[in-house]
Structure formats: C-alpha cells, structure tokens
Amino acid sequence: MKKGWEAVIGLEIHAQLSTESKIFCGCSTRFGDEPNSNTCPVCLGLPGSLPVLNWRAVELGARAALALGLRVNEVSIFARKNYFYPDLPKGYQISQYDRPFSSDGHLEIVTAERDEGGHAREWRPFEVRITRLHLEEDAGKNVHEGLPRTDLYSYIDLNRAGTPLAEIVTEPDFRTSWEAYDYVNHVRRALQWVGASEADMEKGNLRCEANVSVRRVGEEKFGTKVELKNLNSVRFMQRAIEFEIERQIELIESGGRVAQETRLWDEREACTRVMRSKEEAHDYRYFPEPDLQPLAVNADWIEQVRRAMPELPDARRKRFMGQYRLSFDDASLFTRDHALADFYERAAAASNPRGAANWLKGELLRELDAAGLAADASPVSPEELGALVRAIDEGRISGKQGKDVLVEMFRTGKGASQVIEEQGLAQVSDAAEIEKIVTDVLAANPQQLASYRAGKEALFGFFVGQVMKASKGKANPKVVNELLKEKLKAE
Amino acid sequence: MPITESDIKKIADLAHLEITDEELRTLAPQVASIVAYVEQLKELDTSRVEPATGGLTPEGERTAATREDRARDSLGQALALEQAPDPAHGHFRVPRVLASSEEKENF
C-alpha cells in the first residue's frame with residue numbers, strides 16, 4: 001500500500017448450514033436437482049403457508065457461532081427484510097435484525113503479509129471483532145444464460161430458496177487484503193471443522209462481500225466505503241480488495257472523490273467495475289416476523305453444543321506445540337484440517353512426535369498435495385508412516401532409503417516392512433555378519449593394514465568404504481565403525 | 001401518529017404501486033383510520049404477560065414451534081409451476097432482470 005495511507009476493510013460472509021432440509025420447510029437442500037422440484041407452498045411463498053424452524057439449523061448456527069468466538073444470545077428474533085426481486089417469492093427474506101442469534105465475537109487468527117511470490121513473510125496473531133452471526137434463509141437463483149431468449153427473459157429456480165444461511169459480519173478491523181484473506185480462510189476451516197458448513201466457495205455454499213475505504217494515516221474518520229461483490233474465491237477477494245485500495249488512493253490523490261457504490265470484481269480484466277450507485281439508500285422496512293416466535297435457547301443447551309464439538313483448530317494447534325513440542329509453523333500446518341491433524345496424532349503415537357512430524361511434513365504431504373488427496377484418503381496409513389519412522393530410528397534402513405521406501409508405499413499402498421523386505425533394503429546390523437565382512441576386508445588389504453597400524457590413521461575411511469562396498473551398502477555404518485575400530489587396534 | 005399523504009406516497013413507492021393523486025386523497029384518511037383502530041391495542045396492559053417464545057422452554061424442552069431436520073416430499077416441478085403465469089423450461093419465467101446473477105441487489 002502507498003505510504004501515508006491506510007485501508008479500512010469489513011467483511012460479510014454467508015455460509016450455507018449443512019442441513020438435509022430447508023430452514024422453514026421440509027424440502028430437500030440437495031444441489032443439482034431438476035429446477036423447482038424441491039419446492040413447497042412455504043418456500044414458494046404461497047398464501048396461507050407458515051414457516052416452522054428447523055432445529056438442526058439452530059444447532060449448526062450455534063456451533064458456527066461458538067467456533068468463531070461469538071456469544072450465543074438466549075433470545076433472538078426473526079425479522080422480515082422487505083425488497084423486490086424475482087428470486088424472492090414472498091417479497092421478503094426471513095432474516096434477523098436487531099436481536100441476532102449471536103453477537104460480540106472475538107476471534108484470534110494468524111495472518112501474514114505475502115511477498116511477490118505469494119509466500120508468507122512472518123506469521124503473527126491478529127484479533128478480529130465479529131459483530132454478529134445471524135440465521136436467515138437464502139433466496140432462489142436467477143438464470144440469465146443457457147436458456148432461450150435470455151435477451152428478453154430471466155428464469156427462476158427456487159430449489160435454493162429457503163436454504164439455511166449463517167450471515168457473519170465483522171467490524172471494520174482489517175487494514176490489509178491479506179488480513180481479510182487469512183480471516184476468510186480461518187472461517188472456512190473453522191466451519192468445516194465443526195461440521196456447520198461445507199464452506200466451499202466454488203459450490204457457492206460460502207460467499208463473501210467486502211466493504212473497503214481508505215484514509216490518510218492518523219485520520220480517525222472513515223473514508224467513503226465501497227461494497228465489493230462477485231468475489232468467487234478467497235484469492236479473488238484478496239485481489240479485488242488490493243485493486244480497490246489502489247484505485248481509491250489514486251482517485252483521492254488526483255483530486256477526486258470516492259463514490260458510495262457497489263462494485264463487482266472482474267477477474268478477466270483484473271479490475272472492479274461499478275454495479276450501481278447507492279444514492280437511494282434501501283428501505284428494507286425490517287419488522288419482527290409475526291409467523292415465528294422469538295427463538296429461545298438457554299445456557300445449558302449452549303454448553304451441550306459446545307461439549308459436542310470437536311477440539312477447535314486453535315486449541316489443537318496450541319496443544320500440538322505443548323504436547324508434541326512442535327514449532328508454530330508445523331503445528332499450524334498439521335491443524336489446517338481435521339483429517340490431517342488426526343493423521344499426525346496417529347503417526348506420532350505409532351512412532352515418535354519429531355520423526356512423524358518430519359516425515360509427514362517433508363515427504364508424505366508433498367505426495368498427498370501432488371496427488372490432490374486429503375490426509376484421510378492417503379494410501380499410506382498413519383500407522384505405516386509410523387512403522388517407516390521406526391525402521392529408520394532403529395537403523396534398519398537409512399534416511400535416504402526411507403524416502404524411496406515411502407514413495408513405493410505411496411504408489412503401491414504396501415506396508416513399510418513389506419517394501420523394505422521386497423527391495424532387499426534392510427540394513428545389516430547383525431554384528432556377526434558384519435564382523436565376517438570386516439575380517440575378509442582386512443585380510444584382502446594387508447598393505448593398508450600395516451600402514452594403518454604404523455600410524456596412518458587416515459586410512460580408516462578407506463576400510464569403511466571397502467566394508468560398505470562388500471556389503472553392497474547394506475551394512476549399518478554405526479556397527480561397521482565400531483567393529484573396524486576394534487579389529488584395526490587388535491594385533 | 002397521524003398518517004399523511006406523503007407517508008402513503010412513500011409506502012406506495014416502496015410497494016411498487018402506482019397511485020393517482022385522487023387515490024392518494026382517498027387512501028390517506030382510510031389508512032389513518034385503520035391505524036388508529038389498531039392502535040387501540042396499545043391501551044391493553046401487557047406488562048404482566050410473559051412473551052410467547054419458540055425454540056426451547058425454560059426447562060430446556062424443545063417447543064412445537066421447531067421441527068426435526070428431515071427432508072420430506074416436495075411438490076415437484078410440474079405442480080410447482082402449474083399456477084405460474086409464464087412457466088418455461090422447468091422455470092418461472094419473468095421479464096429480463098439484471099445482466100448477471102451476481103448483480104442482484106440482495107443475497
């Protein structure tokens with residue numbers, strides 16, 4: 001960012017909660033069915049139909065709220081947000097307004113600025129204040145292409161109408177696009193971790209919008225904010241924010257004024273374009289939804305939900321650093337998803353924490369990432385990775401051989417011992433066998449032996465080399481060293 | 001609160017209704033009298049009435065205002081579209097709105 005300037009960024013995330021049925025009716029939330037097939041009088045907005053709240057949506061909303069450090073409110077109120085759009089059959093969206101489901105979140109994330117190549121410079125903790133997380137229903141889908149005469153018509157599919165959403169709104173706490181980027185990724189992982197949402201932006205079950213303004217450093221007043229939409233991936237969002245910050249600074253420095261407007265990110269042109277000006281502020285005429293009673297929960301229930309949740313990524317990262325003595329970077333890496341964290345713990349239990357960490361991080365993860373596999377789909381089980389680490393620790397194979405063994409295990413799905421045996425890799429550690437080789441080598445090189453005993457100790461390396469050669473590299477070097485020292489000394 | 005003609009005009013705009021000046025003069029007093037009628041409710045003393053809540057009871061039982069997360073049969077495409085004024089290709093069809101689905105005004 002240009003010197004002397006500061007950006008102020010707030011984010012809104014909509015996450016689809018992972019329910020089987022819609023939030024106010026029993027229609028399926030399945031994706032990809034025939035258009036308008038999963039509809040009923042409630043989600044079509046037919047007169048006389050009444051909404052009934054899906055309790056699972058409330059439970060998942062509570063999980064999401066707790067995972068993001070929000071307070072779940074014991075009473076919240078559904079409200080109608082009124083506006084006209086063809087994908088909104090009732091003419092209003094059931095949402096929450098002045099009494100949201102949860103509020104006052106404090107979330108600690110880790111963030112880092114990135115260099116030109118996109119690599120993190122230095123990770124640091126960062127606190128985000130989350131204003132609220134509330135429950136609401138999704139609208140339907142407008143189809144503008146792929147059907148006849150879309151120059152004249154739009155088509156409406158209401159399968160998605162009534163899908164449960166959690167809307168998550170932050171305070172304007174971000175100062176750089178990378179802070180926003182790291183926050184959205186943190187939220188995605190947390191929601192997936194606790195099973196509240198699939199949180200997949202490609203599938204559209206996580207969507208985000210950013211409010212961006214700039215001001216001169218030291219200025220307390222916020223500048224005019226621009227709302228950014230069409231951010232179809234976390235990376236697009238980061239690029240859009242970056243572009244927008246530069247655009248606004250240039251505009252102000254050249255004597256212009258930032259207009260309050262909504263802009264869309266155009267990935268192809270790598271720029272934001274104005275969508276519509278926001279001069280006439282919307283009047284949504286929010287009022288309490290008379291068809292739904294205030295939503296009451298209590299402290300016991302909130303505690304039950306909390307106890308039923310898996311250990312959160314942050315807590316697990318901290319535990320990994322303490323229990324397994326992992327570095328911050330390794331612990332963060334292994335807790336990036338649930339399956340990987342489980343994998344590491346099982347591999348560590350089957351070998352040792354340090355060895356399991358090195359082999360998982362250095363070797364197996366590279367294979368998994370290259371194959372596009374998650375840890376729970378790994379052809380090498382955590383127990384077999386542990387067996388490989390033990391084989392190296394015990395000196396049965398060298399670390400260098402271990403790398404080849406792992407590649408073979410990954411390719412064939414065979415266990416560590418089997419691959420070691422099949423490839424004839426096992427190191428010879430049997431002292432008797434090595435002793436025989438040592439004796440033969442000494443007998444075959446009487447001249448060098450005499451020189452060594454006369455004081456030319458640099459020849460030690462020569463003998464080691466001869467023994468290793470005779471054993472075809474399989475002799476355990478430690479045992480060779482010990483035996484050689486002993487035999488060379490003896491007269 | 002007295003209802004004025006400008007209130008009626010604003011409500012009509014928000015509701016996307018076109019009304020003539022003549023209708024405005026008729027509607028303003030009518031709406032005003034309806035509001036005054038409903039306002040009689042304010043005279044009731046509700047200070048000792050517990051609000052009706054859904055979700056959980058104070059004892060932690062789920063109330064009948066909630067349902068299990070189970071999908072049940074929907075109407076299906078044919079029935080859903082049967083009463084629509086202009087169905088086409090399995091969809092509700094309307095005059096073209098904005099250029100792309102991202103450009104919708106709301107979520």
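R80(A) and E289(A) form a salt bridge whose closest N and O atoms are 3.0 Å apart.

User: Before I read anything into that pair, what kind of model is this?

Analyst: This is a predicted model, in which local features need pLDDT of at least 70 and side-chain atom pairs count only at pLDDT 80 or more, whereas totals for chains, interfaces and linings use all residues. Residues are numbered from 1 along each chain as its sequence is written, chains are lettered from A and ligands numbered from 1 in the order in which they are written, and side-chain values use heavy atoms, with hydrogens and water left out.

User: Which parts of chain A does the pair of R80(A) and E289(A) tie together?

Analyst: Side chains of opposite charge can pair when their charged atoms come close. The rule for a salt bridge asks for a side-chain nitrogen of Lys or Arg within 4 Å of a carboxyl oxygen of Asp or Glu. Here R80(A) lies in strand β5 of chain A and E289(A) in the loop between β16 and β17 of chain A, so the pair ties together parts that are 209 residues apart in sequence. Over all chains, a search of the whole structure finds 45 salt bridges.

User: How are the strands β5 and β16 of chain A arranged?

Analyst: Strands (E, at least two residues) and helices (H or I, at least four) are DSSP runs, numbered from the N terminus, and two strands pair if DSSP finds at least two bridges between them. In chain A, an open sheet of three strands runs in the order β6-β5-β16 with antiparallel pairing. Its edges are β6 (92-96) and β16 (287-288), each with a single partner strand, so one side of each is left without a neighbour in the sheet. Strand β5 (residues 78-82) pairs with β16(A) over two bridges in the antiparallel sense, and A79(A) stands opposite P288(A).

User: How many residues does each chain bring to the contact, and what area is buried?

Analyst: With contact taken as heavy atoms within 4.5 Å, chain A brings 69 residues and chain B brings 48 residues. Buried area is the accessible area (1.4 Å probe) that two parts lose on being put together, summed over both; between chain A and chain B it is about 4800 Å², with carbon and sulfur atoms giving 57%. On the side of chain A, the residues that lose the most area to chain B are W55(A), Y85(A) and H144(A), together 11% of what that side buries.

User: Which polar and charged pairs cross the interface of chain A and chain B?

Analyst: A polar contact is a pair of N or O atoms within 3.5 Å; within protein, one must be able to donate a hydrogen and the other to accept it, and residues adjacent in sequence count only if both atoms are side-chain atoms. Across this interface the rule finds 23 residue pairs in polar contact, both residues at pLDDT 80 or more. The rule for salt bridges finds one across the interface, in which the side chains of D283(A) and K10(B) meet at 3.0 Å, N to O.

User: Which element gives the most to the side of chain A that touches chain B?

Analyst: That element is β10(A), with five residues. Among the elements that each supply at least two residues to this side are α1 (55-67), β10 (153-157) and β12 (206-216) of chain A.

User: What is the order of the strands in the sheet that holds β10(A) and β4(B)?

Analyst: In a regular strand the side chains alternate between the two faces of the sheet. The open sheet here has four strands in the order β9(A)-β10(A)-β4(B)-β3(B), with antiparallel pairing. At its edges are β9 of chain A and β3 (87-88) of chain B, each pairing on one side only. Between the chains, β10(A) and strand β4 (residues 91-95) of chain B pair over four bridges in the antiparallel sense, with P95(B) as the bridge partner of Y153(A). Within chain B, β3(B) and β4(B) pair over two bridges, and A88(B) stands opposite H91(B).
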